Structures are given as C-alpha cells and as structure tokens.
Amino acid sequence: AIAPAALGKGVQLELLDGIEATVPGNSGLLRILMRNLIDNAVRHTPSGTTVQIGIANVRGAICLSVNDNGPGIPEQERAKVFERFYRPTGTQASGSGLGLSIVKRIVEIHAATLNIASPGNGQGLRVEVAFNPNNPLGRHSGEGRNPAMKWGRQAFSHMAKARKNIP
C-alpha cells in the first residue's frame, strides 16, 4: 500500500498534468510496474518532499515517469540497479533489491524502454518507461487476459488520499 507509506512519511504523491492513455499489455504486470516504481520513489525520497508521476505522449510513445528527491543513483551504478538483490552503496531505505529488476523484466515483456536519469535540478532520480502503443507484444505478455491498462488521473485515484493537491 503506497498511499499509507507516503502519508506516514509525509511524502506527497503528485500526478502531473498529462494525457489519459491506454497501454496495451498485461494490466496485472503493468500495475506491478507502476507500484514498484512509485514505492521505490517513496522509500528513497526524504520526508516532507514530493514524488511526481507523469504520463505523456513523447514522439508517439506513452511515457510513464516517476521523479523523486532522494539521493539518486550514481551514473556508474545505474545499470547494476536492475540486477536482482542489488542495493546501491549507502542505501538506507528498506527493501530487498528486487523492485527494479522486476520492473526491467516487465518492460522487456512489453517491448518498452526504460531509462534512469537525474532530474533537471540534479537531485533525486527520474525513471521513465516508454511504451509503443503500436508495438505487438511478445508471447509472454499475457495477451487475452487483462489486455490493457488505462493510465491517467482516474487510474491514480486510489492514491488521492496521499496527495493534497489533486481532488
């Protein structure tokens, strides 16, 4: 449960203005991807800050972005964070080191792309996942069961209690 963890830590969840989009794929896996990214951001960002979630159309791709104000990940360690059980040096947040490796696998299943960067201000972390809405899914995507997921303001309504700035 992300909202109670965010509330308990004093972290705001903010859905940035963006698009409503339907992402083709296994909705159960897409929920896990979204939950893992937001949960990671809440765990690693300081109390009293904001985790921003964005959905945008970038050059025809549906892009999910999650930004936090945590310590970030040094560039030389960014590829390693996708390995199972990897925890960057000096990490104080709880966790097993599996969240981003699971995200990476879900991204692969959906033929999407994954990027980690420092936000424009140089502090924190920005994780972006880009889905090509026209890309046929691989045979392991779970087509036929829960074939798509809507992303946007309504999809994030279950988190509304953890953010004051979204009705």
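Strand β3 (residues 50-58) and strand β4 (residues 61-68) run antiparallel and are joined by 7 bridges, with helices and strands taken as DSSP runs numbered from the N terminus (helices H or I, at least four residues; strands E, at least two). Within this pairing, Q52 has N67 of β4 as its bridge partner.

The model is predicted, so that local features need a pLDDT of at least 70 and side-chain atom pairs count only at pLDDT 80 or more, while totals for chains, interfaces and linings use all residues. Residues are numbered from 1 along each chain as its sequence is written, and side-chain values use heavy atoms, with hydrogens and water left out.

β3 and β4 belong to an open sheet of 5 strands with mixed pairing, in the order β1-β3-β4-β6-β5, where two strands pair if DSSP finds at least two bridges between them. Its edge strands, β1 (12-15) and β5 (113-117), each pair on one side only. Neighbouring strands of the sheet are turned against each other by 15° on average, direction ignored.

Two helix pairs are set out below; axes are lines fitted to C-alpha atoms, for helices over the stretch in contact, and angles run from 0 to 180 degrees between N-to-C directions.

| Helix pair | Axis separation | Angle |
|---|---|---|
| α1 (residues 2-9) and α2 (residues 27-44) | within 10 Å | roughly 15° |
| α2 and α3 (residues 99-109) | 9 Å | about 145° |

The axes of α1 and α2 cross at roughly 15°, which makes α1 roughly parallel to α2 (angles under 35 degrees count as roughly parallel, over 145 as roughly antiparallel, 65 to 115 as roughly perpendicular and the rest as oblique). The contact (heavy atoms within 4.5 Å) is made by I2, A5, A6 and K9 of α1 together with R35, I38, D39, V42, R43 and H44 of α2. By class, this contact has 5 nonpolar, 1 polar and 4 charged residues, where Ala, Val, Leu, Ile, Met, Phe, Trp, Tyr, Cys and Pro count as nonpolar, Asp, Glu, Lys and Arg as charged, and the others, Gly among them, as polar.

On the α3 side, L29, I32, L33, N36, L37 and N40 in α2 meet G99, L100, I102, V103, I106, V107 and I109 in α3. The contact of α2 with α3 has 10 nonpolar, 3 polar and no charged residues.

The chain averages a pLDDT of 75, and 67% of the residues score at least 70, pLDDT being the predictor's confidence in each residue, from 0 to 100. Over residues 138-146 pLDDT stays under 50.
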